[in-house]
Amino acid sequence: MKEQAGDSLCICGSEKQYKHCCFGKFIEFPQKNDFEASPNNLTSKINDAAKAHIEDKKPSSLKELKQELNQFFHGYNERPIDDFLSLSPTQMRSILDNLFSLKNDFFIFEYGSHFEKKTKEVPFLEQAFYFLNRLYESGAMKATQKGNLPKFFVMEFYQKFFSKEELFFTPHKEDDLPEVKRLRYILNMTGLIKKRKNKFYLTKKGTSLIKDKKIKELFNELVLTFFNKWNWGVFDGYSELSLIQISAVFNIHLLNKRAKNWISGEELGGVFLKAFPDLIFNVDKKSYFDPKTEVISCFHIRFLERVCLPLGFLDKKKKGRGINSKNYYKLSPFFKQHFKFSY
């Protein structure tokens, strides 16, 4: 029977085939009722401020009341908010309503000259190029009976990229190394690889990219797929908290504002939570952590560790040992060189 890309079970745990479930799907934006209201949320604060404004102006007619309210809300929506790190509600709404892009109203990613030599600064880019180049050289790679990457490649990949990591055991299969599993799915989503008759191949698009060493194009494909199609919540036990991914442009703005010097992951997560305090109401009631701790920890792991470090946006150092250790981060030279902000 002919097997196409996506015939394996979906990574989201639905037990459906990947091609009939999450393949190629974009992360959905939250709807108005996705977040339960809290007594101290931003909406309540705005309503209180509007009430005070009307009491001060004392409009004499319904027409004047409407004019005053329209003027107030327009001004309020355009006003920088401290909790948003000087962005306005209008700007934040724009971020949440649009897919992630490397060129937006807040920053532009400038490649500059000699970007092709930057693969060592971006672990995920280096790993993707290595994976694709191995397929280009071999022509095909036979999958396991379950449709996963073969044992020899998993071990080869581990030895080259993760042998210095503090793992409890040496990976022998794809499921032992989430990083290579994630890479395979993302490369599938980009349309650079395919699986046919239980073998992995490069697509025409992937072949052209590797043959001509189009590193800029590869980076662009990886980042946009990573941010807009891949579900950051896969492989972790946290609550859904999809806003952490949807707010990615704000998160990068947050790094630029707060991570110019060493700062702990907990502190950065706290800044994020201050911008979206009602996110605690989206934490699963069966969670092991209290809601505040879960949001901060999820931001730390899901964004800082599993996105920013692989993409070379941050440098990291650890202080302390064992359970008392703490991770600190600051902007990498790669981030400083290529992200140009509009403010």
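# Reading helix, strand and ring pairs

Me: α10 and α11 are oblique to each other. What describes two packed helices?

Reply: Two numbers do: the angle between the axes and the distance between the axes. Keep in mind that this model is predicted. Here helix α10 covers residues 248–258 and helix α11 covers residues 265–275. Their axes come within 11 Å and cross at roughly 130°. Angles over 145 degrees would count as roughly antiparallel, and 65 to 115 as roughly perpendicular. The pair is therefore oblique.

Me: What is the handedness of the crossing of α10 and α11?

Reply: The crossing is right-handed.

Me: Which residues of α10 and α11 meet?

Reply: From α10 come Phe250, Asn251, Leu254, Leu255 and Arg258. From α11 come Leu268, Val271, Phe272 and Ala275. By class, the contact holds 7 nonpolar residues, 1 polar and 1 charged.

Me: Now the strands. Through what do strands of a sheet pair?

Reply: Strands pair through backbone hydrogen bonds, and the sense is either parallel or antiparallel.

Me: How many bridges join β2 to β4?

Reply: There are 2 bridges, and β4 spans residues 199–202. Find Met141 in the viewer: Phe200 in β4 stands opposite.

Me: What is the order of the open sheet that holds β5, β6 and β7?

Reply: The order is β5-β7-β6, again an open sheet of 3 strands with antiparallel pairing. β5 and β6 are the edge strands, each pairing on one side only.

Me: How many bridges join β6 to β7?

Reply: The count is 6, between β6 (residues 314–319) and β7 (residues 326–331). Lys316 stands opposite Tyr329. Lys317 has Tyr328 as its bridge partner. Lys318 stands opposite Asn327.

Me: What do β6 and β7 form?

Reply: They form a hairpin, with 6 residues between the two strands. Check Gly320 in the turn: its phi is positive, about 90°.

Me: Which residue in β7 stands opposite Ile263?

Reply: Tyr329 does. The strand pair here is β5 (residues 263–264) with β7, antiparallel over 2 bridges. Recall that Lys316 also stands opposite Tyr329.

Me: Last topic, rings. What describes a pair of aromatic rings?

Reply: The distance of the centres and the angle of the planes. With centres within 6.5 Å as the cut-off, the model has 35 aromatic pairs. Take Phe100 and Phe227. Their ring centres are 4.0 Å apart, and their planes lie at 15°. Planes under 30 degrees apart count as stacked, so this pair is stacked.

Me: Where in the chain are Phe100 and Phe227?

Reply: In distant parts, 127 residues apart. Phe100 sits in the loop between α3 (89–97) and β1 (107–109). Phe227 belongs to helix α8, residues 215–228.

Definitions and conventions
Residues are numbered from 1 along each chain as its sequence is written. This is a predicted model: local features need pLDDT of at least 70, side-chain atom pairs count only at pLDDT 80 or more; totals for chains, interfaces and linings use all residues. Side-chain values use heavy atoms; hydrogens and water are left out. Axes are lines fitted to C-alpha atoms, for helices over the stretch in contact, and angles run from 0 to 180 degrees between N-to-C directions. Helices (H or I, at least four residues) and strands (E, at least two) are DSSP runs, numbered from the N terminus. Angles under 35 degrees count as roughly parallel, over 145 as roughly antiparallel, 65 to 115 as roughly perpendicular and the rest as oblique. A crossing is left-handed if the near helix is turned anticlockwise from the far one by less than a right angle, and right-handed if clockwise. Contact means heavy atoms within 4.5 Å. Ala, Val, Leu, Ile, Met, Phe, Trp, Tyr, Cys and Pro count as nonpolar, Asp, Glu, Lys and Arg as charged, and the others, Gly among them, as polar. Two strands pair if DSSP finds at least two bridges between them. Rings of Phe, Tyr and Trp (its six-membered ring) pair if their centres lie within 6.5 Å; planes under 30 degrees apart count as stacked, over 60 as edge-to-face and the rest as tilted.
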